[in-house]
Amino acid sequence: MRIDVVSIFPEVFRPVLASSMLGIAQERGLLDVRLHDLRDWAEGVHRQTDDYAYGGGPGMVMKPEPFFRALRDLKADAPGECTVVLMTPQGRRFDQRAAEDLASREHLVILCGRYEGFDERIRSLADLQLSIGDYVLTGGELPAMVVIDAVGRLIPGVLGHEGSAAEESFSWGLLEYPQYTRPAVWEGMSVPDVLLSGDHARIAAWRRREALARTAALRPDLLDDADLTPEEREFASGTAQEKEAGRLDEGES
Ligand SMILES: C[S@@+](CC[C@H](N)C(=O)[O-])C[C@H]1O[C@@H](n2cnc3c(N)ncnc32)[C@H](O)[C@@H]1O
């Protein structure tokens with residue numbers, strides 16, 4: 001997959017892209033992230049990318065021309081399917097489903113804003129406008145890194161174990177079940193016996209039940225869209241009611 005990022009601060013991406021799985025994915029040729037300085041498409045000695053807002057008001061607005069020129073050149077450089085993503089707090093909320101959808105694309109171009117945001121005409125370039133949450137950051141670089149990380153790890157071959165992404169939080173529509181590693185007892189806290197049993201069917205059943213209980217206790221909103229049997233739904237609603245009644249603590253499954 002190729003991802004082009006257009007920003008006035010492309011250098012902030014480098015340490016994140018060079019580390020861990022994203023670095024390995026690029027070394028293996030599974031992910032090709034190309035960073036671009038928007039100023040390369042700006043005009044004048046100052047290579048200006050922002051200007052005052054028509055109608056007045058505080059702060060500067062990002063100019064349309066550099067983004068339009070950047071898109072024209074990037075699309076010419078990689079003809080074919082291309083999804084243009086514009087990072088904005090006004091966009092659709094980014095979630096695991098959106099990450100899965102983007103991971104199936106061949107080429108993404110991510111546009112990062114700054115200052116008071118984009119000239120409205122820049123939105124016409126976007127296939128998708130994404131927000132990482134209902135808060136305002138100073139720029140689109142951190143949101144773009146969130147998207148690249150979430151998408152990059154879903155590309156086949158990037159994670160060491162292909163099942164890892166399939167079983168974790170949100171991919172089932174539920175939060176992930178509790179995980180343990182060695183030692184089996186630490187400071188009086190024991191790993192549940194079932195996980196030491198070697199009985200894969202029992203372990204799978206325990207994990208499903210724990211995932212349900214945890215989701216009901218911590219994120220009951222996710223249950224509405226989760227694919228559950230009638231028994232599971234009844235169990236989850238009982239757990240949610242216990243939580244409501246204060247009988248389960250935060251973090252307890
Ligand atoms: C200070 S923000 C501009 C906010 C804009 N004035 C508004 O109210 O929608 C500057 C840039 O940061 C990025 N940004 C800020 N918060 C974001 C969020 N929650 N999700 C995605 N991008 C965000 C966008 O690229 C935005 O253009």
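This is a predicted model: local features need pLDDT of at least 70, side-chain atom pairs count only at pLDDT 80 or more; totals for chains, interfaces and linings use all residues.

Trainee: OK, sheet then. What order do the 5 strands come in?

Mentor: The order is β2-β1-β6-β5-β7, in an open sheet with parallel pairing. Strands (E, at least two residues) and helices (H or I, at least four) are DSSP runs, numbered from the N terminus. Two strands pair if DSSP finds at least two bridges between them.

Trainee: Which strands stand at the edges?

Mentor: β2 (32-37) and β7 (128-131) do; each has a single partner strand, so one side of each is left without a neighbour in the sheet. The twist from one strand to the next averages 30°. For that angle, axes are lines fitted to C-alpha atoms, for helices over the stretch in contact, and angles run from 0 to 180 degrees between N-to-C directions.

Trainee: How many bridges join β1 to β6?

Mentor: There are 5, and the two strands run parallel. Val 6 has Leu 111 in β6 as its bridge partner. β5 and β6 also run parallel, joined by 4 bridges, and Val 84 stands opposite Val 109 in β6. On to β7: β5 pairs with β7 in the parallel sense over 5 bridges, with Val 85 partnered by Leu 128 in β7.

Trainee: New topic. Which residues have the most contacts inside the largest nonpolar core?

Mentor: Val 85, Ile 110 and Leu 111, in a core of 40 residues. Such a core is a set of buried Ala, Val, Leu, Ile, Met, Phe, Trp, Tyr and Cys residues joined through C-beta atoms within 7 Å. Elements that each supply at least two residues include β1 (2-7), α3 (64-77), β5 and β6 (107-111). α5 gives the most, with 5 residues.

Trainee: And what does Leu 111 touch?

Mentor: Not counting residues up to four places away in sequence, Leu 111 touches Val 6, Phe 67, Val 84, Leu 86 and Met 87. Contact here requires C-beta atoms, placed from the backbone, within 7 Å.

Trainee: Now the ligand. Which of the 20 residues around it come nearest?

Mentor: Met 87, Gly 113, Gly 117, Gly 140 and Pro 143. A residue is near a molecule if its C-beta atom, placed from the backbone, lies within 6 Å of it. Strand β5 (residues 83-93) gives the most to this shell, with 4 residues.

Trainee: How many of the shell residues are charged?

Mentor: The shell has 2 charged, 9 nonpolar and 9 polar residues. Asp, Glu, Lys and Arg count as charged, Ala, Val, Leu, Ile, Met, Phe, Trp, Tyr, Cys and Pro as nonpolar, and the others, Gly among them, as polar.

Trainee: Loops next. Where does Leu 31 lie?

Mentor: Leu 31 is in the loop between α2 and β2, and counts as buried because 23 other C-beta atoms lie within 10 Å. Its C-alpha is 6.0 Å from that of Arg 2, although the two are 29 residues apart in sequence.

Trainee: Is Glu 187 buried or exposed?

Mentor: Glu 187 is exposed, with 5 other C-beta atoms within 10 Å. Its phi is positive, about 50°, although Glu 187 is not a glycine. Glu 187 sits in the loop between β8 and β9 (189-190).

Trainee: Which peptide bond is cis?

Mentor: The one from Arg 182 to Pro 183, with omega near 5°. Pro 183 belongs to the loop between α6 (163-167) and β8 (185-186).

Key
Residues are numbered from 1 along each chain as its sequence is written. A residue is buried if 20 or more other C-beta atoms lie within 10 Å of its own, exposed if 12 or fewer, and partly exposed in between; C-beta atoms are placed from the backbone. Two residues are in contact if their C-beta atoms, placed from the backbone, lie within 7 Å.
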